[in-house]
Structure formats: structure tokens, C-alpha cells
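Please look over the sequence and the structure shown here before reading on. The notes after it are grouped by topic.

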Amino acid sequence: MRITATVNGQHREIDDVWEGESLLYVLRERMGLPGSKNACEQGECGSCTVYLDGVAACACLVAGGQIEGRDVVTVEGLAGDDGLHPVQQAFLEAGAVQCGFCTPGLIVQTHDLLSRVDNPSDPEIREALAGNLCRCTGYEKILDAVRLAAGRMAGSDR
Amino acid sequence: MTTPPEATPRTPTGAPGSLENTATGGIGASPLRPDGTLKVTGEFAYSSDLWMDDMLWGVTLRSPHPFARIRAVNIGEALATPGVFAVLTADDVPGRNIYGLELSDQPVLAKDVVRYQGEAVALVAANHPEIARQAAKRIRVDYQVWEPVTDARDALGHPNWNRLHDDPAEDVELSRSAAPIHPKGNLVRHLKIRKGDPEARADVVVSGEYSVGMQDQAFLGPESGLAVPDDQGGVDLYVATQWLHVDQRQLCTALDLPPEQVRLTLAGVGGAFGGREDLSMHVHGCMLALRTGKPVKMVYNREESFFGHVHRHPAEMRYEHGATRDGRLVFVNCDLYFDGGAYASSTPAVVGNGGTMGIGPYVVPNVRVDAYGVYTNNPPCGAMRGFGSVQTAYAYEAQMDKLAAELGIDPVELRVLNAMEEGSVTPHGQVVDSAAPVAELLRRLQAMPLPAPRGDDIRGLPGGVSNTTHGEGVKRGVGYAVTYKNVAFSEGFDDHSTARVRVEAAGGKPVAVVHTAAAEVGQGLVTVEQQICRTELGIDDVIVHPKNTDVGSGGSTSASRQTYMTGGAVKLACEAVRYGVLSLAAEKLGRPIPGARLADGDVVSDSEGVLISIADVLGDGAVEETREHHHRPTQELDEETGQGFAHVQYSFSAHRAVVDVDVDLGLLKVVELACSQDVGKALNPQAVEGQIQGGSTQGMGLAIMEEIVVRDAKIRNPSFTDYLIPTILDTPRMPIDVLEYADPHAPYGLRGVGEAPTISSGPAVTAAIRQATGLPLTRVPVRPEHITGT
């Protein structure tokens, strides 16, 4: 089948998609966007988190065909022309990135949190990121990164 | 409280160390990772992200049975599936159909017999992964199913654990009650340690039996890689691994190709933790690529990943501790059984670690250890962070608490009283010849403030956001544990590392390129390699060359060894390059330069200041040097007594855990997990903290939630739905106190960091749960039913 959608602000048409393919597969293997990660492919780890019409979702749980006519933003779509998004910069500086396989999902999820909540408390951060597994960091520096990004973004128009 | 000597800088804060010529981002600083920007933008190429025109997808058909004879394999229907390019079985393995890390005992593809559920039997390459999966289902394998051997002691023919008159361990007859899984029997290794008087008696004796469940590394990036055939019969493999050269050795044997024709490049690695030491898709992908003449990509899904790598050995352990009335340890006897599953992997070395360090960092005059590694039909077990020491720490630290209770002594005081220190002798007869601050680590933890009493926010309670309690039935416990762990490979193994460093000028500025084959798996070795070059060469701009087999072995990214071993190799190569640059400078200036060194891109001396820029010294030329770094030699252990200088270095850590337990529901909340650790020298303080916090969390996971449930030799929970790892809600605040007592034998005095915290955190958490509940809790992970007794 053919899928037509807006991905990271660009109009995309993808041909020859098999109906059984997930959005994650379509992004990674057909659109050249492997940033969304394939850690569990069953909705448990959050590493494939993307925006679907502005709502954070696990790309592995969405069928490729479901994005027809819709808007998808992946981790590859967050940095601006002037460099990294503050959330990306904060993850980098705070040491929140080790192997980095969880990082794209956590960055999209944090981006979503900080677009809704100005200065989240630690319990709010933990609850918002509870669906994103990280095996390397023990999450302490991820919390640091979210606080750092929140501080920098406070007052800006994001 | 004792404090380190004045001369020793400690507690890294990110400030540069005292070394001269520290360039920006040199050692002691925490510069940004060179791969960090790619990782936060999603552009970093992990092994599952690789792609080539015209590539095929490979999949593996695995045995559903843990123990069976293969009577026949019929591939006809699979091969006839449209889109399928190749179906391969054991008969298609070009070279020897056997491989292994320490012992070659595992077939590339099973022939005649399968020995564990999930063993690879056949391969398919097709033009779409789903077509390959469907075709694999059409391979007909005729199995004669056998009863699996599921218990390590049964596999040895050992009498039942709790029998009154247990036979001495030496009398164990191999395979008495069970058919051997392997032709030579089911014993992989029996390590005997005999120190002091075997008949020693003590005022007070406590004994206990302890079990540790099977833990999974649960790295997030699944096993994957891309094999690309050349047109000369060779192959290039891009793969996520921990040691390129040991993979290459095994690949050459299996593919019957010389090393020049099997070239490996490290693809992006999504975590490792020991689970990538053994081969996964390596040979399979290359076989399919060589057969089809096309690039072949293989990517395991999460379920296959649980069958695609070895796990942490489950262990059954029995301990007996004897002490004087005033708390001095007199003897420790223990029997340790490590279930290695169907193939050896690194079981011999795991037994070596488990045995030699099996009584913990304490001074004990009389020790008997019998440690066994055993073949069963359970999932194969091998390396995981902590490597044999994680299991025993649960037992010996539980025993120390039990002994303290029996003696009426505070558990920390009992540990301090018996603590190993510099000059102490280990059970295997090795003198600890650098700092061993066991007592100090415990004292420093004690001095750290305790977390506040629990508040009203239910999100901080056991059960958390599920609103299971408002505090009724919740009890708090505090537990301590301390450990030590060897760094680098032991028992006579020369696991050297190689580094090539090149300096040239580009755009009027000097640039260094550092090339090693040492695997970056997330820990930040690439950053440390840059930092060492900056410090040693006074050059800011350092490029990390892609890691491949074009340079000598980097050794394994395991055993907490890479900063020590590959870092040491980079340092040696830099020193050689520096000598070369300074010699050229002297030539250029036409005179010797006393006290010359490199700083900020220039050749300088204290007396004359800047003499000439490195770029001017080099001109169009370059200075390149390659060096190997070997650690000091170690010895094999004596066959009968287990005595010998077996370990290169020790790393020490201690934890204090504070846990709230809902004793009615059996739910837990780890409130705080504080760690003190001696790292010798923190080359990158931020990365050191990351290692400690990540390692502590994995240790905690085994204590309270992580277990591969194996019944009848089958894995019952191969998914992240059923195999739980700690989330950000499960993981507490983790304050860290880092000591830096230099080890004079090591580069910069550093100690390997990564593993020790994985070892001491879980026992501390378990001790805290015991204190809260008053229950013995002799098995981890602790489950709700262990607490509620239901």
C-alpha cells in the first residue's frame, strides 16, 4: 500500500508498505529515520516514542497505515536550524546519555512533558517518564537533564 | 572518621586534577561525549540501524525444546517461499561448527542434538523480515524430545542439598544420576580454595543457604548487525559487540577464513553489560551474506534477545561462618553452585571470581571454598556485570548480618572489625598491595545523612501511584553491604590492549587521531580516550577513529577493564608520539630543549615558554605510534589449594539502602541507595557517577524484581512485559561519595569502576528489607509473597 503523511514537517509518500508493518518499521526501514529505537517493539520501553498529531505514542504500537494523512514528529525533527533543542542539549550536558538507545524516546517524552508543565516537580517528572526504560544511567542524570532543560525553557515560548 | 592522606586528591568535583599540561577536557574533567550530539538527535548509527541497497534480512530458527535429538531437518518448503534467498543448516557451516569464549563447545547451528530452548538450528535470508520469519516456520525439524536436566546439583549427581550426611565435595561423582549433557560430563569447573586449618573451631557459628535467580542484562539495543560480502570470498561485519578480536577469532574458525577476510567494525552498541561477549548473529549473518552474495542484516526482537545471549548464572550457595565471641572471623566454609546452562561461555572465569572473592572483603584465617560451574539444559549463562561476585555477595553479606545478630554486634561494626585493608591476604593467598578502604567506605556511608522520614505524598510509598496504601503497614529498614571485585582478566590471562595515536596538522592546528578496537558500549570510553590524548599531548582537537580490526586487539569491554587497559594503551601511545614530536622539535630548532613538553598546541618549556607550535614542527608530516598495554602478570590458581596471585587489581564499593516495605502487601519502595566507592582516580567524574548509579540500579533490580523465570528448562517471561527492570519510579535517589586512593600499579592510579556497585547495591537493599520485616529472605529477587508469606 501507499502511505501519505507529514513527517517532521515534510510531505512524504511511501510506496509498497506491507499492511503488517508498524509505524516504527516504516520510519526506520522505509523513511530513513532510524532515530526512533527498536528496543522492545511491544510498547514496554518507550524508546520509539514519537508525536502522532501532537500526542506522544509508541511507534511500535501504531500500524504504518494508521498515519495516513496525519502528522508525525520524531526525534530527528526536534532540533532547530540553530542547533539542538534545549532538551537535547540538557541530556547531552547532564550525562544523561550513555549507550543512548533510550535517549530518543526519553527526549520526545521530556519534550512533551515540558510543553505541558513549566517546572515539573521530581514526582511529576518520574511519573511522566515512567514508561521509558533506561538500563545504563539509573535515571539520576536523566532527572538532572529534565530539571536543567525545564530551567532553561522556563519563560521561553518553547 | 579517617581521611585519606593529604597528598591524595579525592572526591572529584569536575575540577581538573593536579597534572600539568591539562588541556581543556583532559583527564579529571567531564567533557561532552564525542558521540553525544548524534545520540540526542537520533542520528547515531546503532547496529540495528544499518542499511544497504539490495540488502536481505536474516532470521534464525530456534529449538522449542531444551533437550532433544534432531532426527531430520527439511528445508524444502522454506526454500521454495517467494522472496527467500537462502536457507542454511549445520551442514552449511563452512568451517568448524563449534565456538566458544573460553571453551569451544557450542555449535554455530545445532547438529544432531539441541541442548537448550532457543538454540539456533537453521537460518533464512529473504527480502523482507516477515517473509524470512514466515519461511523459517516452514522449516520442518523432527525432534526426539528428551527430559531436560534442570538442576545443577542433579546434573553433577550430587546428593540432595539438605541431606543430613552430605558427601564431601571432592567425592562428587560426575553425572551419577543424570546423563551427561556434554560428552565429557556436566562439570565445567570445580574451584577449590583451601586456606589455613580445615578443622578450625569457633565460639559462634552461623550457617545459611542462599539462592540467586537468573538475571538478564536487558541491554536495550537488540542483537543485530550487517554482514557485507566482498567479491573475493571475504566479509565485512558491522556489529554491536564487546570485543571485536575475540569475535574475529571465532568467526575465522567457523567460516574457515583468514583474519584478512573477516573484517569487523563496531556498529553503535545499545548497552552490553556482559551480554555481548558471546557471539549472537555474527557467524549466522556472515554465512547468509557469503552464501547469497548480498548484504544481510539481522536484528533480534526482544523475545529472541532473551534466547540470543547468555544470562547471569543463577546460584545456590551454602555458607558457614565461625567467629570468636568478640566478633573476629575464624573461618568461612562455602559451597557454590553456578548453573552454567547448556554451554560453557565464560562459566570457568565466573567460577574463578565467585570462588576467589566468595567470602567478601574480609580477613579470615581459615577458608574452604568449593565452587562449581555446571552444565544443565537451562539457558546458557555467562558474563554479566559483576561476574560471579554478584551472587556470592548476597550470601556472604547476609551471613555477616546473621553473625552480627547472633553476636549482638552492630552489622557495620562487625564488618569494620573484620575489614580487609592494604596488606591483607585474600582466601586465594594474594596480598592486597594497594589501598583497600573497606572500613572507610562503610564509615563514610554511616556519616551520610539519612533520608527524611516518609511524607504524606503517596507517590513516595510502596505501591506509589497505584494508591495501594496511605502508610498503614509500611515499615522502614536500613541495610549495608560492602564488596570488592577484580579488575581486568585474571588467572594468568594477558588481556592486553592496543592503541594507535597519530598527530598531524590541519589548518595550522595540531589534530590527534586515536584508534583502538576497544568497544564503546555506552560507558564513555571514547570520551576518556580523547581526554587522555588531550592531557598527554596538549592538543584539544582529538578525533576518535572508528573502532575496527585494522588495529590490534583492545581486549574485552568487560571486567571493568577498558579505562585501565585501553586507557593505558592510549597513554603509552601518546607518550611515544610526544617523544617523537619533541625530537622533531629539537631537530627543527637545531638544539636540545631541556624540560620540553607539549601544552596548548605548542612545544613549551618552563624556562623558555612557548618555543614552537606543534603544527610548525609537523609541517606536512605526521607522527604515529602504536603501543600495547599489558597489565602486570597474574598466576593460575593451584589446582588443589586455589592459591595464587590471580587478580590484577581490586575495586571496592559499599552501599547503604533505605527501603520502605508494605508488610501487608509485600510491596517495596527503595527510598535511597547511597554508595561510596574508591575509584583510584576519576578520569571523568560525570562518567564515574553514571557508572555507579547505573550499576547500583542493576544490582537493585536483581534484589527486588529481575528474574528470568525458568521452569522445565524453559524461559517463561521473555519480554519486557514479564521481565521487569527498574523504571524511573522504582529507582531512588542515589547519593555518591567517591574516594580516590591511587593504585600505584595502574595508569593514573585509576581503578575500574563499572562493576563493584552492581555487586554491593542488591545485598544492601535485601538487608534493608530484612531489617524492616524481620524475615530471613534467603532468595533474590525478593518477591511480594516472600514478604507476606502467602
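This is a predicted model: local features need pLDDT of at least 70, side-chain atom pairs count only at pLDDT 80 or more; totals for chains, interfaces and linings use all residues.

Residues are numbered from 1 along each chain as its sequence is written, while chains are lettered from A and ligands numbered from 1 in the order in which they are written.

**Chain A as a whole**

- Chain A has five helices and five strands; helices (H or I, at least four residues) and strands (E, at least two) are DSSP runs, numbered from the N terminus.
- Starting at the N terminus, the order of elements in chain A is β-β-α-β-β-β-α-α-α-α.
- The radius of gyration of chain A is 15 Å, close to the 15 Å that the globule rule gives for 158 residues, so chain A is as compact as a globular protein of that length. The radius is taken over C-alpha atoms, and the rule is 2.2 Å times the number of residues to the power 0.38.
- Along the principal axes, the C-alpha atoms of chain A fill a box of roughly 45 × 30 × 25 Å.
- Of the 158 residues in chain A, 58% are buried. A residue is buried if 20 or more other C-beta atoms lie within 10 Å of its own, exposed if 12 or fewer, and partly exposed in between, with C-beta atoms placed from the backbone.

**Helix packing in chain A**

- Helix α2 (residues 86-94) and helix α5 (residues 140-153) of chain A pack at an angle of about 140 degrees, with their axes 8 Å apart. Axes are lines fitted to C-alpha atoms, for helices over the stretch in contact, and angles run from 0 to 180 degrees between N-to-C directions.
- α2(A) and α5(A) are therefore oblique to each other; angles under 35 degrees count as roughly parallel, over 145 as roughly antiparallel, 65 to 115 as roughly perpendicular and the rest as oblique.
- Residues of α2(A) including V87(A), A90(A) and F91(A) meet residues of α5(A), among them A145(A), L148(A) and A149(A).
- By class, this contact of α2(A) with α5(A) has nine nonpolar, no polar and four charged residues. Ala, Val, Leu, Ile, Met, Phe, Trp, Tyr, Cys and Pro count as nonpolar, Asp, Glu, Lys and Arg as charged, and the others, Gly among them, as polar.
- The axes of helix α3 (residues 103-116) of chain A and α5(A) come within 11 Å and cross at roughly 40 degrees, and these two helices are therefore oblique as well.

**Contact between the chains**

- In all, 45 residues of chain A are in contact with 49 residues of chain B; two residues are in contact if their C-beta atoms, placed from the backbone, lie within 7 Å.
- On the chain B side, α15(B) gives the most, with seven residues.
- That side of chain B divides into 18 nonpolar, 23 polar and eight charged residues.

**Backbone details**

- D16(A) is not a glycine, yet its phi is positive, near 60 degrees. D16(A) lies in the loop between β2 (10-14) and α1 (23-30) of chain A and is exposed, with 9 other C-beta atoms within 10 Å.
- F273(B) also has a positive phi, of about 60 degrees, without being a glycine. F273(B) counts as buried, with 31 C-beta neighbours inside 10 Å.
- The peptide bond from V780(B) to P781(B) is cis, with omega near 0 degrees.
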